[in-house]
Amino acid sequence: MIIEIDDSKTIDDIQEKFNDFFPFLKMEFYRHTHRWSEGSVTEETFPGNTSIGEIRKNHVHGDMKIYSWQKTGSVEQEFRNRFGINVQIFRLHGNTWVQTVGTDDLSLHEQNETGMNASHNFLQGRNTN
């Protein structure tokens with residue numbers, strides 16, 4: 001997947017493209033950075049209609065290539081290092097979104113599969129009640 005990053009894009013634009021490829025993952029954007037295997041504070045989340053130009057100091061235009069084999073933490077770091085954007089990836093677990101804290105070494109594919117399985121199990125359990 002290639003996501004074009006420029007100041008005119010909104011957070012919603014990037015989130016939608018990411019979610020098209022990884023339906024059981026989502027990406028949130030934050031005011032401050034976090035370390036590998038650390039979480040981000042909910043109160044620091046930017047709303048989806050915010051433009052990328054509003055949230056970063058590094059106004060480099062470019063393409064972000066994201067591969068399913070990349071580690072979750074590496075994708076988060078690349079957004080920060082290349083574009084000055086602080087992101088946190090979340091995984092769907094049942095009907096709840098959880099930060100991928102502690103699993104930054106898993107690939108996006110592994111995270112998405114884990115989310116799919118957890119959500120499938122949740123929905124199956126819900127249907128049997």
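Tutor: What follows goes from the sheet to the helices on it, then to the core and to the aromatic pairs.

This is a predicted model, in which local features need pLDDT of at least 70 and side-chain atom pairs count only at pLDDT 80 or more, while totals for chains, interfaces and linings use all residues. Residues are numbered from 1 along each chain as its sequence is written, and side-chain values use heavy atoms, with hydrogens and water left out.

Helices (H or I, at least four residues) and strands (E, at least two) are DSSP runs, numbered from the N terminus, and two strands pair if DSSP finds at least two bridges between them. The sheet is open and consists of three strands in the order S2-S4-S5, with antiparallel pairing. S2 and S5 stand at its edges with a single partner strand each, so one side of each is left without a neighbour in the sheet. On average, and with direction ignored, neighbouring strands are turned by 40° against each other; axes here are lines fitted to C-alpha atoms, for helices over the stretch in contact, and angles run from 0 to 180 degrees between N-to-C directions.

S4 is joined to S5 (residues 96–99) by four bridges, and across this pairing Leu92 stands opposite Trp97, while Phe90 stands opposite Gln99. The hairpin of S4 and S5 has two residues between the strands, and there Gly94 takes a positive phi near 70°.

H1 lies across S2 and S4 and runs at about 155° to S2. H3 packs on the sheet as well, where it touches S2 and S4, and its direction makes about 150° with that of S4.

For H1 (residues 11–21), the buried residues are Ile11, Ile14, Gln15 and Phe18, where buried means under 20% relative accessible area, exposed over 50%, and partly exposed in between (1.4 Å probe, protein chains only). These four cover an arc of only 100° around the axis, which puts them on the same side of H1; the arc is that of the directions from the helix axis to the C-beta atoms. Glu16 and Asp20, on the other side of H1, are exposed.

A nonpolar core is a set of buried Ala, Val, Leu, Ile, Met, Phe, Trp, Tyr and Cys residues joined through side-chain atoms within 4.5 Å. The largest one has 22 residues, and Phe18 and Phe79 are among those with the most contacts inside it. The elements that give two or more residues to this core include H1, S2 (25–30), H3 (72–83) and S4 (86–93). Leaving aside residues up to four places away in sequence, Phe79 touches Ile5, Ile14, Met27, Met64, Ile66, Gly84, Ile85 and Val87.

Rings of Phe, Tyr and Trp (its six-membered ring) pair if their centres lie within 6.5 Å, and planes under 30 degrees apart count as stacked, over 60 as edge-to-face and the rest as tilted. A search of the whole structure finds two such pairs. Phe18 and Phe22 form a tilted one, with 5.2 Å centre to centre and 45° between the planes. Phe18 counts as buried because its relative accessibility is 0%, and Phe22 counts as buried at 6%. The rings of Tyr67 and Trp69 have centres 5.1 Å apart and planes at 10°, so this pair is stacked. Tyr67 is partly exposed at 36% relative accessibility, whereas Trp69, at 61%, is exposed.

Notes: Contact = heavy atoms within 4.5 Å.
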